[in-house]
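Biologist: I am new to this structure. Please take a close look at the salt bridges and tell me what they join.

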Amino acid sequence: MKKIYFFAIVLLAAFAFACGGSSVDSAMSQVEKALDRVEKNKVSMTQADWQALEAELEAPLQTLATALENKQVGTLKRLELMALTARVAAVFMEAGMNTVINEMDAAEVLPEDLERAAEQLEQATPADTGQSE
């Protein structure tokens, strides 16, 4: 009888490892691998690379969002998802800032131009005198 229990436990353990875990775990793993790859190569990534990354992450992030909405994850997994979300946001925020900086450099917007535009805006806007009409 003990042999049957032992065999059943071994069989269940093997089956659990063979399935690869839940969809939430596999989605988190996909996102983490993509973020690791991006963090190593973010300086050399082109706009097409960022778009490919966004397409690659769309399905796993949707899986994670659905799991959160349906309350399919526990408290610890929610904390892990929050940390992962912060990583995703940081990576894309940095990419966005780099894009803005590169576009400003390409447009050659100079501080003098910005100051002149601010002065023109002040002249065009009537000053608030604090008096009611």
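Modeller: Buried residues account for 15% of the 133 residues in the chain. The model is a predicted one. Its chain holds 5 helices and 0 strands. Along the sequence, the pattern reads α-α-α-α-α. Take the contacts between residues at least 6 apart in sequence: 71% of them join residues at least 24 apart. The chain's accessible surface is about 10,800 Å². Carbon and sulfur atoms own 60% of that surface.

Now to the salt bridges. The count comes to 5. One of them pairs Lys77 with Asp25, with the closest N and O atoms 2.6 Å apart. Lys77 sits in helix 4 and Asp25 in helix 2 (residues 23-41), so this pair ties together parts that are 52 residues apart in sequence. How exposed are the two partners? Lys77 counts as partly exposed, because its relative accessibility is 22%. Asp25 is also partly exposed, at 34% relative accessibility.

Lys77 has another partner, Glu80. Their side chains meet in a salt bridge at 3.5 Å, N to O. Both residues belong to helix 4 and stand 3 residues apart, so about one helical turn separates Lys77 from Glu80. Glu80 is partly exposed, with 40% relative accessibility. Through shared partners, salt bridges join Asp25, Lys77 and Glu80 into one network.

A further salt bridge links the side chains of Arg37 and Glu56, at 2.7 Å from N to O. Here helix 2 supplies Arg37 and helix 3 (residues 47-69) supplies Glu56, so the pair ties together parts that are 19 residues apart in sequence. Arg37 is partly exposed at 40% relative accessibility. Glu56 is partly exposed too, with a relative accessible area of 38%.

Leu76, Leu79 and Met82 make up a nonpolar patch on the surface. Together they have about 350 Å² of accessible area. Leu76 lies in helix 4, which covers residues 75-107. With 65% relative accessibility, Leu76 counts as exposed, because the cut-off for that class is over 50%.

The other patch carries negative charge. Glu112, Glu115, Glu119 and Glu122 gather there on the surface. Glu112 lies in helix 5, which covers residues 111-124. At 48% relative accessibility, Glu112 counts as partly exposed.

Note on methods: Residues are numbered from 1 along each chain as its sequence is written. This is a predicted model: local features need pLDDT of at least 70, side-chain atom pairs count only at pLDDT 80 or more; totals for chains, interfaces and linings use all residues. Side-chain values use heavy atoms; hydrogens and water are left out. Patches are made of residues with over 30% relative accessible area and no salt bridge: like charges are joined within 9 Å, nonpolar side chains (Val, Leu, Ile, Met, Phe, Trp, Tyr) within 5 Å. Accessible areas come from the Shrake-Rupley method with a 1.4 Å probe; for residues, only the protein chains shown count as cover. A salt bridge is a side-chain nitrogen of Lys or Arg within 4 Å of a carboxyl oxygen of Asp or Glu. Helices (H or I, at least four residues) and strands (E, at least two) are DSSP runs, numbered from the N terminus. Buried means under 20% relative accessible area, exposed over 50%, partly exposed in between (1.4 Å probe, protein chains only). Contact means heavy atoms within 4.5 Å. Lys and Arg count as positive and Asp and Glu as negative; His and the chain ends are not counted. The place of a charge is taken as NZ of Lys, CZ of Arg, CG of Asp or CD of Glu.
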